[in-house]
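This report describes a protein assembly, with attention to one interface, selected strand pairing and salt bridges.

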Amino acid sequence: MPSVVPGQTPSLSTFLKSLKTNDIDSSVDLLISLLKRRQIRSSRPCAIATTQLMLRVVANERIKEASSLIQRVRDVGRRLIAAQPREMAVGNIVRRVLGVVREVAERDDDGAASSDFASSTPGTPGSVAQTGNATLGRPAVSVNIPTLSPLSQGAALPEDVQTGREPVMSGSTSPSGAGKDQLRPALGSVSSYAGGQAPPQIGSLFGIFQSPATGLSPAGTPPVGGSPAIKPMQKATKDEASKEKLDIKAEVIDGIKELLDELEIVDSQIAESALDHIHSNELILTHTSSQTVQKFLTTAARKRKFTVVHAEAYPNDHETTHATIVNGNKKTTNEDEEEVNERWKPLTSMGITVILIPDTAVFALMSRINKVILAPHTVLANGSLIAAAGASTIAQAAQAHRVPVVVLSGVYKLSPVYPFDTDELVEYGDPGKVVAFQEGEFVEGVEVVNPIYDYVDADLVDLYITNLGGCAPSFLYRIVADHYDNKDINLNVKST
Amino acid sequence: MPDANKDQSPKEQPKDGDSSLSPAELKKRAKAEKQARRAAEKEQRGAGGAGGAEASSSATPQANGGPREVKQGQGQKQHQKGGQPPQQQQQQQQQQQPYHRRSGSQGAQQMPVREKPGKAVAGAGKQGKKEGSKQVELFSHLYTHPRRTTFEGVSKDVHPSVLAFGFKMASYEICGSSARCVAMLLAFKDAIQAYTTPTGTSLARHMTSHHLSPQIEFLKTCRAISESMGNAIRWLKKLIVEIDPNTAEQEAKDYLCEHIGRFIQERIMITDTAIAESAAQQIKPGSVVLTFAKSSIVEKTILEAHEAGTPFRVMVVDSRPLFEGKRLATSLMRVGLEVEYVPFSGLAHAVKDATVVLLGAHAMLSNGRLQSRIGTASVALQAHRAAIPVIVCCESVKFSEKVALDSIVLNEVAPSEELLTPSSLATAHAKKEGEDDEGDKASKNAKTLADWRDISNLQILNLMYDVTPAEYISMIVCEYGSLPPSSVPVVHRLANEGGIAA
Amino acid sequence: MTSDNFDVVATYQQLLIEDPELTMPVAAIESLILALGATPASTMSETLHLVQTCTAELKKSIRNPISLSAGTDLFQQYLISNLQQRPSEGDFDVIRKHLVENGRLFVERAKAARETIAGFGRHFIRDGNVVLTNGGSRVVGALLRSAAESSKSSKTPGGSIRFKVIYVVSSDDSNYTSSEAAENIRALRERDVPVAVIQPSAVAYCMDQVTQVFVGAEGVVENGGVVNRMGTYQMAMIARATRKPFYVVSESHKFVRLYPLGQKDLGIEQDVLIFETASGPEVEDGKSESGIDEGIVADVDEVKERERRGDMALARLSREEAIDYTPPDLISGIITESGVLLPSAVSEELIKIWF
């Protein structure tokens with residue numbers, strides 16, 4: 001992801017400014033048009049804009065029912081995604097916001113329902129797990145990643161984190177929440193319901209045994225959402241609940257704000273592990289200019305001396321790359337943008353030798369490189385990624401030389417989308433960047449193609465470092481599943 | 001591999017040179033330059049000899065003792081070290097040479113304009129101590145001396161044709177292994193005709209060491225000589241030595257020139273046609289041919305297949321800073337081929353559609369590896385992974401006895417300034433102005449990449465070649481037929497050591 | 001045998017015959033539920049014992065119990081989890097009732113799972129694709145059919161998928177699964193999908209034409225690998241060598257708690273490697289001759305061949321039934337009814353039901 005480029009940030013900042021004054025509908029329309037016109041582009045600005053907009057959408061929503069809130073967020077989200085399906089950060093943020101709403105709503109329902117419902121559903125899988133563990137004398141297998149940083153988890157799911165109690169049979173999409181919340185369908189952890197088919201009530205491998213939707217048997221696990229078992233309960237306590245619904249909104253807003261916080265500190269969190277990965281005298285290759293990678297390298301540079309080989313990503317990002325190398329991360333023209341883009345010195349001024357190379361030289365140098373560090377545009381659920389064009393060439397050269405490829409990505413870039421068709425994910429840019437339009441004969445006679453992104457297969461990546469810590473590409477499915485609710489994966493309207 | 005003068009037949013080159021840059025003109029300018037720089041030159045002169053010797057020996061280790069002997073005699077003066085900051089040199093050179101090849105790439109001419117007048121002067125003083133930190137340590141063995149772009153210290157023995165060729169080579173006006181070889185031989189023809197044997201010695205004994213070697217040494221200071229040039233030089237030296245000392249001088253010179261002509265014809269011209277015919281068989285109806293940068297022989301192959309009526313399309317992958325592929329795409333487009341032009345970053349996209357990859361060569365190394373324009377190895381790797389056949393078209397004159405495992409030991413470093421794109425400079429400039437307008441004081445001292453020499457720890461590496469592992473290469477088409485990479489040494493022995501040709 | 005009048009093995013076979021759409025694990029679950037219903041066992045331990053005996057009987061009755069055991073294990077585990085959770089007899093009755101009453105529902109659900117998977121087909125199969133598959137997997141067949149149908153029906157944008165199928169069918173595979181393969185091929189051809197039938201030996205030759213490979217599974221094992229018809233492993237290796245995506249299509253009830261470390265680690269004897277000299281096959285020591293009693297009727301050819309070889313061991317799988325194990329690193333994804341799992345996710349799912 002290219003860091004903030006002059007010319008595009010004004011759009012983000014003007015949008016954020018306008019958010020304060022415009023009404024919601026025009027803000028939504030504005031963001032849609034900005035996305036369509038690519039005036040807000042690349043993951044981070046898209047994520048920030050979407051989160052801020054969602055904050056306003058939720059704050060302005062009069063209806064306090066969680067379900068209508070979800071509906072509203074979904075509707076707006078769908079339109080945003082449709083505006084620019086390849087900016088997957090938008091969809092990711094929408095899903096995260098939905099997750100926050102669901103989380104809050106479920107906790108609320110629990111509060112209302114637990115009094116008499118809990119006793120009648122003693123057989124929830126969550127408790128089965130515990131008993132099972134106790135009986136068998138086996139250590140509890142926590143499905144949560146040990147590296148989960150409390151912060152990010154908190155951002156997505158404010159409280160109620162019960163790590164050790166991850167219920168056995170629901171591959172739940174949320175790492176936290178009480179056992180009763182975990183009955184929602186799972187196993188689709190790594191799934192993409194690109195189709196419109198709602199997954200049936202498959203809770204886990206046991207899904208097949210679940211009781212019919214009529215809820216005849218208490219042994220069955222009540223399906224979440226439209227559960228008839230819960231619905232009457234809600235009605236019964238409606239008066240009482242309506243008071244609590246006020247809190248829902250407040251809590252959702254808190255949740256979204258935490259999401260914003262996460263976006264702000266994501267680079268610092270990733271950079272925290274820099275010293276675990278970079279040792280002295282290493283030769284590190286990176287590609288295009290990424291705020292995340294620069295921060296990572298800068299953090300390491302404070303303690304260690306190494307050399308950076310920087311491929312320039314011509315023709316789409318080389319100017320940004322050059323600017324980053326020469327000037328570090330200068331904050332650009334927008335003063336009132338959130339303090340995400342702090343300023344820092346270029347690596348060279350910290351005594352780090354930076355060697356600028358054209359992308360062509362990557363293979364020639366790879367035999368001496370110790371590590372390749374890439375920043376993705378989007379990470380997909382199967383561990384593959386979309387990154388600036390040229391990344392796949394670099395990753396393949398690295399694999400050919402057995403050089404480890406490390407991908408630095410904030411969780412907000414993880415998308416639950418399964419890459420059914422990798423061609424669809426690659427965007428083509430302005431051919432004028434390759435050949436100037438003045439060269440009339442050439443432009444007319446030759447088809448000039450300028451892919452902006454590359455699809456990099458999961459088996460070319462050795463390690464992902466997210467703000468939650470490091471993990472293998474094969475484990476990404478779990479992090480993805482932890483952050484998105486299965487019901488929200490299918491917001492995507494582009495697939496029908 | 002890439003060939004600047006593609007469209008002209010090699011024979012025309014000297015004429016072309018005359019028209020663009022007459023030797024007399026060159027000399028006149030040289031004199032003026034010399035005076036202006038004498039002072040700077042003096043400072044730097046001491047450092048010259050060793051680096052130059054190393055350069056020549058690493059470029060052609062197998063070249064016989066001839067050049068070295070001469071060097072010891074004349075090297076001191078010849079190997080003036082780069083007293084000038086390359087920017088300045090380039091700037092001057094561009095002004096001198098109206099036909100400078102790079103002026104074709106967009107806006108290259110703007111570059112000198114962007115330079116602030118004071119900068120070059122300031123640079124000159126710092127040059128000496130800064131040079132080291134601007135060289136990438138891994139490749140320190142390749143930074144012998146900056147490419148010659150001026151006449152300083154050129155031996156008076158260097159023939160004007162050779163001079164003209166040398167500068168064209170340094171500026172990529174003549175570019176590509178075969179083209180350089182042909183142009184060099186043609187220049188040598190002129191040089192040979194200008195030779196007179198001193199009394200008391202014979203042409204066979206004297207010419208190589210006293211006349212040819214200064215020419216070769218001069219060329220080496222312009223740009224490292226290619227494998228094909230090395231092979232041709234070795235062949236020529238052998239030819240000279242074998243001349244009967246009793247042959248009359250003019251007769252011997254005519255004999256040499258005739259053989260040089262035959263060498264060009266047999267080893268390059270006819271060979272190219274044969275290779276193109278053979279390789280064109282690999283382009284089937286419906287093929288999608290992927291090629292990288294520009295190789296004259298690949299171009300010939302594609303044209304051949306097109307003339308044969310095979311319907312196919314071509315994808316040209318191109319790279320910075322030379323943009324050689326643009327000229328290939330243009331010439332193919334002009335004959336009516338369907339051409340797609342993809343920047344190097346879009347390689348993955350290009351490989352997805354391709355059915356066959358055709359590559360040219362700078363040299364074929366004896367361990368089956370291919371030395372070619374930097375980026376070639378990545379193209380071959382991706383094609384190999386996608387199970388697309390990779391076919392190298394290469395005359396046997398480019399086959400080498402050298403072996404290499406990586407692209408680091410055997411390579412050539414081109415001036416870093418070539419990577420400073422005018423567009424990036426312009427953008428940087430515009431950005432500066434834009435920020436000024438908005439009153440952002442901090443950005444006033446924002447530097448641009450053009451200031452790279454003033455930024456400590458920043459290096460720009462501009463390599464010329466990389467080495468493609470043999471396992472990525474499916475087939476090599478040469479005039480001896482199609483071979484696997486493992487047969488390169490066989491052909492090399494046959495063609496370059498057996499003395500078949502001429 | 002707990003119940004004297006209930007033959008679980010016969011029931012199992014009857015179920016499979018009656019409903020050709022039924023998979024082995026589901027048939028096994030179904031038979032266990034029927035056994036449960038037919039037996040008036042009322043205590044927990046009695047019930048568990050009944051299920052265990054029936055399972056053992058079932059497993060013993062067929063030579064390749066891997067697929068079946070996915071179902072029986074799942075059922076057993078479900079019972080255990082629930083019984084341990086609700087130790088009171090009343091609750092136990094509820095569970096039992098739930099299971100017995102909803103037997104058919106489970107079967108329907110298993111079939112629905114297949115339909116769901118089939119629905120994914122059109123997302124995987126794109127215009128111009130060439131799909132390679134083998135064996136008679138019903139779920140793969142359903143997936144391809146669904147892609148073919150969406151190509152025919154939908155004039156809507158994104159529809160009209162034209163694809164071709166290469167079906168690997170072994171010629172010495174005269175009747176074991178070829179009938180299912182033949183059925184799949186016929187169904188595809190009827191839907192205007194061009195199908196080529198090749199020998200297993202031609203897989204490598206064809207692979208460069210192929211865009212992706214789909215195979216079914218008898219069982220998806222704990223590390224994310226699959227056990228499937230003999231030849232699957234080599235297809236996966238060839239697909240990997242040419243970097244073609246290799247997808248396993250399987251309902252999640254085929255996930256089985258088995259962790260093979262290699263081909264010999266499947267716990268099944270197979271008639272694959274028979275070294276012979278002029279004096280006949282070499283006899284290895286220690287081969288278990290544990291015969292089976294009733295079980296599946298061995299087909300005629302098989303019997304003949306066994307006779308010719310001097311009937312080595314009835315418990316061994318014949319060549320036609322032979323299976324192999326494909327390790328997870330060769331698998332791009334496992335398409336289940338709940339989406340595409342990475343092989344690495346299988347382990348988690350199994351861990352979750354067993355602990």
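Across the interface of chain B and chain A, 19 residue pairs are in polar contact, both residues being at pLDDT 80 or more; a polar contact is a pair of N or O atoms within 3.5 Å, where within protein one must be able to donate a hydrogen and the other to accept it, and residues adjacent in sequence count only if both atoms are side-chain atoms. The side of chain B that touches chain A draws at least two residues from each of α14 (324–334), β3 (338–343), α15 (347–353), α16 (376–385), α17 (422–437), β8 (458–460) and β9 (465–468). Helices (H or I, at least four residues) and strands (E, at least two) are DSSP runs, numbered from the N terminus.

The model is predicted: local features need pLDDT of at least 70 and side-chain atom pairs pLDDT 80 or more, while totals for chains, interfaces and linings use all residues. Residues are numbered from 1 along each chain as written, chains are lettered from A in the order written, and side-chain values use heavy atoms, without hydrogens and water.

In this interface, 62 residues of chain B are in contact (heavy atoms within 4.5 Å) with 58 residues of chain A. The buried area, meaning the accessible area (1.4 Å probe) lost on being put together and summed over both parts, is about 4900 Å², with 60% from carbon and sulfur atoms. Strand β3 (residues 353–357) of chain A pairs with β8(B) in the parallel sense over 3 bridges, where pairing requires at least two DSSP bridges. Within β8(B), Gln459(B) is the bridge partner of Ile355(A).

A salt bridge places a side-chain nitrogen of Lys or Arg within 4 Å of a carboxyl oxygen of Asp or Glu. Examples follow.

| Salt bridge | Closest N and O atoms |
|---|---|
| Lys326(B) and Glu439(A) | 3.3 Å |
| Arg453(B) and Glu417(B) | 3.0 Å |
| Glu251(C) and Lys254(C) | 3.2 Å |

Arg453(B) lies in the loop between α17 and β8 of chain B and Glu417(B) in the loop between β7 (390–393) and α17, so their pair ties together parts 36 residues apart in sequence. Arg453(B) is buried at 13% relative accessible area, as is Glu417(B) at 2%; buried means under 20%, exposed over 50% and partly exposed in between (1.4 Å probe, protein chains only). Arg44(A) is likewise buried, at 3%, and Asp267(A) is buried at 5%.

Methods: Buried area = accessible area lost by both parts, 1.4 Å probe.
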